Number of protein chains: 2
Amino acid sequence: MGCACIMSPSSTTPHRLPSSSQRSSEVVLGHGSGGKLSQDLLETVFFPNFHNPILDEVHDGAILPLGHQRLAFSTDSFVVSPLFFPGGNIGDLAINGTINDLSMCGAIPQYLATSFILEEGFPIRDLKKIVQSMSAAAQAASVLLVTGDTKVVEKGKGDGVFINTTGIGVIESNITISPKQVIPDDVILINGNIGDHGVAIMSEREGLEFETTIESDTAPLHDLVQSILKVSSHVHVLRDPTRGGLASTLNEIAVAAQCGIVLEEKKLPIQPAVIAACEILGLDPLHIANEGKCLVFVPETEGEAVLQRMRQHPLGKNSAIIGRVIYEHSGKVLLRTTIESLRRVDMPEGEQLPRIC
Amino acid sequence: MGCACIMSPSSTTPHRLPSSSQRSSEVVLGHGSGGKLSQDLLETVFFPNFHNPILDEVHDGAILPLGHQRLAFSTDSFVVSPLFFPGGNIGDLAINGTINDLSMCGAIPQYLATSFILEEGFPIRDLKKIVQSMSAAAQAASVLLVTGDTKVVEKGKGDGVFINTTGIGVIESNITISPKQVIPDDVILINGNIGDHGVAIMSEREGLEFETTIESDTAPLHDLVQSILKVSSHVHVLRDPTRGGLASTLNEIAVAAQCGIVLEEKKLPIQPAVIAACEILGLDPLHIANEGKCLVFVPETEGEAVLQRMRQHPLGKNSAIIGRVIYEHSGKVLLRTTIESLRRVDMPEGEQLPRIC
């Protein structure tokens, strides 16, 4: 369904653009956006110091050779604000988020570690609710929470609760899932509507009400991924488009694969309520974080079979083939709009949606 | 060396004791102390929800069966304040801390994940210094930093930088290291002076100067541990006495082992400058966090051989046998003072030293 007006370049202007000297001398919110400034920080601070062949793969998680096994290993800290939102809270978000990063490596998630940074004065009853959600989410995905840590900081030095989860999964199949596997003519699938999580958070934060409540799509994707791997042995990449939305994720893949990507606007699944909310909030759905969504790159010959299998899954009813990989425009993402014009989809520059996860 | 005046009960009064209704309804600093309130939080919030056989072992890390291997898995978030202190900074502390938790499981640390929560406005040059220290500490211990995450929160919602590290290590020997293995007549060793880390942080925070600068003892203990495991195949427990100091760690072990523990005050290695600082700050050295120290429980017959091996190691020059496990006083820790009286060493109740790691 079309939403040309929302996806026009004019709506992608970031809300807070720090000066170039500011962002090179101090941390700005955009450094956590998942967009260009996040890349800057990686390239100027982290990668020069943490260089090694496993890290250099720049995946959602690391693939570790350990004995005769391959393990996936992934970490995420969650600082979402507000802590409770339609469809979930920081607890299930933290569990599902790391389950999904492991799933994107093709792994079956098995063990999680979790660490809490609590702010003095945070209500214990809220902490209990969050921990109960974590427990339920872990049980639902059959992962064991096996070790943890808790720190407390003074009032005014934190914000309620921050949660880190780090997970280990086992990669059972022999496939190699990596942006570098992507080749021209691969088709790109997604398992449903985009923008739900980001709009749910922003609506809650701004106190907006719509006719239908937009709920976060937080969900564990490991089972969907395993069902995809059963029908295709040529999955080239799996990636959950969280911070920075489809725009960031697809740009990263286009650069790594040294190919171009064309998205078809009229194929993008998106709720009308999300379109309406984006218009009010001045947001581009392609920049908005998703939490229970997965981009799948497979050869065109396998696209239809994968699509059908995805649609049979409870988390894939609105699955669609939304684009393809092309030889031209290497490293770039283009959108074919509803009026058949092509426009560049860039990474978000600054920070539209701070603390979305 | 003796320090009876410092270790007297009167000096253990916590600086901030919240009311009982306050600490059951909201988070207080003591919930992060590693003492009794930390135990309360575990028992009322975390364990009821996160119950499983691996977690229930309550070790410094989880021991995971994965294929034919046993892996150790451990997580810690670091919120130390100040970020830079004599002997180190939050960066090497975060690397060494998780290396040590893995080492205490008898594992050889292999892979680390790290996650940053940055506060808007934090100087990039300080972040670079921290990241360089992390890189150097990881290289020194031959561990690979393989995956990571960065989040940014608004100014006033964090405190410069918080760092999580989560690690995986491989357990190569067949030994079982667990507080439950501890039996009466085990002797207790430590690899050097106590209290250095906590006093270094507190001196920096309070702006105190002493004749000699007291430096944090942050160090990676994996190599020392492996050298101990080469001379003893009956190491019953290894534990690094960080938050809550020797008092918390030994009380936890005494409860888990259902034995008593007697410490010999005159055997406790401690720098005179630390004794002096504790007197000024009103702190009990037994409650103070250490970062590069390891408690080792072995049968008496192996005590001397382990002691000699530890003293040969660069991180064990001041090693000593500081106490033993007894049948009586189950679940309790006693200190035989320099004047030969026995006094109870309790867990710290509240929070003497917030944000020590």
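Strands are DSSP runs of E at least two residues long, numbered from the N terminus. In the predicted model described here, D76(A) is found in one such run, strand β2 of chain A.

The predictor assigns the complex an ipTM of 0.93 and a pTM of 0.94. For chain A the mean pLDDT is 91, with 95% of the residues at 70 or more. Residues 1-15 of chain A are a stretch where pLDDT stays under 50; for this stretch the model has 35 contacts beyond four places in sequence. Where pLDDT is low, the predicted coordinates should not be read in detail.

Chain B is superposed on chain A by a rotation of 180° with 0.0 Å of shift along the axis, at an RMSD of 0.0 Å. This is the relation of a two-fold axis. Within chain B, G158(B) has the C-alpha nearest the axis, at 2.2 Å from it. Both copies use the same surface, in that 100% of the contact residues of chain B recur in chain A.

In chain A, an open sheet is formed by 5 strands in the order β1-β2-β7-β5-β6, with mixed pairing. The edge positions are taken by β1 (62-66) and β6 (144-153) of chain A. Each of these has a single partner strand, so one side of each lacks a neighbour in the sheet. From one strand to the next, the twist averages 20°. The pairing of β1(A) with β2(A), the latter spanning residues 69-78, is antiparallel and extends over 5 bridges. Opposite F73(A) in β2(A) stands A62(A). Helix α3 of chain A, residues 90-103, packs on the sheet and touches β2, β5 (108-119) and β7 (161-170) of chain A. The direction of the helix makes about 30° with that of β7(A).

A residue is classed as buried if 20 or more other C-beta atoms lie within 10 Å of its own. D76(A) has 26 C-beta neighbours inside 10 Å and therefore counts as buried. Leaving aside residues up to four places away in sequence, D76(A) touches G97(A), T98(A), D101(A) and T165(A), as well as S115(B) and D149(B) of the other chain. Among these contacts, G97(A), T98(A) and D101(A) fall in the range given for helix α3 of chain A, and T165(A) falls in that of β7(A). L145(A) lies 69 residues from D76(A) along the chain, and their C-alpha atoms are separated by 15 Å.

How values were computed:
Residues numbered from 1 in each chain as written. Chains lettered and ligands numbered in written order. Predicted model: local features only at pLDDT ≥ 70, side-chain atom pairs only at ≥ 80, totals over all residues. Least-squares fit on C-alpha atoms with pLDDT ≥ 70 in both. Contact = placed C-beta atoms within 7 Å. pLDDT = per-residue confidence, 0-100. Pairing = 2+ DSSP bridges. Helix = DSSP H or I, 4+ residues; strand = E, 2+ residues; numbered from the N terminus. Axes fitted to C-alpha atoms, helices over the stretch in contact; angles between N-to-C directions. Buried ≥ 20, exposed ≤ 12 C-beta atoms within 10 Å, placed from the backbone.
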